[in-house]
Amino acid sequence: MHIPDGFIDGPTALGGAAVAAVGLTYAARRASVLLDDKHIPLAGLTAAFIFAMQMINFPVASGTSGHLLGGALAAILVGPWVATICTAIVLVAQSLLFADGGVTAIGLNLVDMALLGPLLGYLAFLGVRRVLPGTTSSVLTAAGVAGFVGMMAAVLGFVGMYAIGATTSVPLGAVAGAMIGVHLVIAALEAFLTVAILASVLSIRPDLVHGARDLVVRQRAAHDTQFGKV
């Protein structure tokens, strides 16, 4: 899904850079308020995990590729604003150090994978949680939906960017069909891994999961009530 140099025209790339700058500046301000000493190490581990996930690429069409994102999982673990910063750091490092995504297309890749994926995935997570009971199973169900939505949001974002500023002769329909078709499978895998990893973290340290803080509060309240009765 990393957009290479020259795949999208200059004006569209500049527009993407402007949107990315505004979005990441806002995210950085929000993240600086929310991060504390307990969650900083988790943010670092999250960035490392995103890096590892995104380095596994599947060829799609016309020089593009598909891969896991990890943005929705990151948003659930450390919050959407911290997740966007973690993902942005990974994307810039991939572009500059591994030529994974063009330098001139960094802004577009940031919008697509650091903003759209994590933020829309987290919105889906919150939406599902609101209609389900406040249980661990509900959190995991919402996380699976978030993983799928986050991936497909980034895919549709890419298709939109291609529609606006494509520089290749490949028809939009062909690109959209290839991207969506391949990523439906990748999104299902992303949903599965999001649930599996989150379940492991919840079983060990639920207090570290940003998207499940209410569960910890309920569990502590129930424990305190039971202890008081004893």
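Mentor: Before we start, contact here means heavy atoms within 4.5 Å. This is a predicted model, where local features need pLDDT of at least 70, side-chain atom pairs count only at pLDDT 80 or more, and totals for chains, interfaces and linings use all residues. Residues are numbered from 1 along each chain as its sequence is written, and side-chain values use heavy atoms, with hydrogens and water left out.

Trainee: Okay, what share of the contacts with a separation of 6 or more comes from residues 24 or more positions apart?

Mentor: That share is 78% for this chain.

Trainee: And what's the secondary structure of the chain?

Mentor: Eight helices and two strands, in the order α-α-β-β-α-α-α-α-α-α from the N terminus. Helices (H or I, at least four residues) and strands (E, at least two) are DSSP runs, numbered from the N terminus.

Trainee: At what angle do helix 2 and helix 3 cross?

Mentor: Roughly 175°, with the axes of helix 2 (residues 40-54) and helix 3 (residues 71-78) coming within 10 Å. So helix 2 is roughly antiparallel to helix 3. Angles under 35 degrees count as roughly parallel, over 145 as roughly antiparallel, 65 to 115 as roughly perpendicular and the rest as oblique. The axes are lines fitted to C-alpha atoms, for helices over the stretch in contact, and angles run from 0 to 180 degrees between N-to-C directions.

Trainee: Which residues make that contact?

Mentor: Helix 2 brings Leu42, Ala43, Thr46, Phe49 and Ile50, and helix 3 brings Leu73, Ala74, Leu77 and Val78.

Trainee: Switching to Met151, is it buried or exposed?

Mentor: Met151 counts as buried because its relative accessible area is 1%; buried means under 20% relative accessible area, exposed over 50%, partly exposed in between (1.4 Å probe, protein chains only). Met151 is found in helix 6 (residues 136-165).

Trainee: What does Met151 touch, leaving aside neighbours within four places in sequence?

Mentor: Met1, His67, Leu68, Leu69, His183, Ile186, Ala187 and Glu190. Also, the C-alpha atoms of Met151 and Gly71 are 8.1 Å apart, though 80 residues separate them along the chain.

Trainee: Where is His210 found?

Mentor: In the loop between helix 7 (172-204) and helix 8 (213-229). His210 is also buried, because its relative accessibility is 17%. Not counting residues up to four places away in sequence, His210 touches Tyr122 and a run of others, including Leu77 and Val78.

Trainee: Last one: which helices do the buried residues of helix 4 pack against?

Mentor: Helix 1 (10-34), helix 2, helix 3 and helix 5 (106-131). Among those buried residues are Trp81, Cys86 and Gln94.
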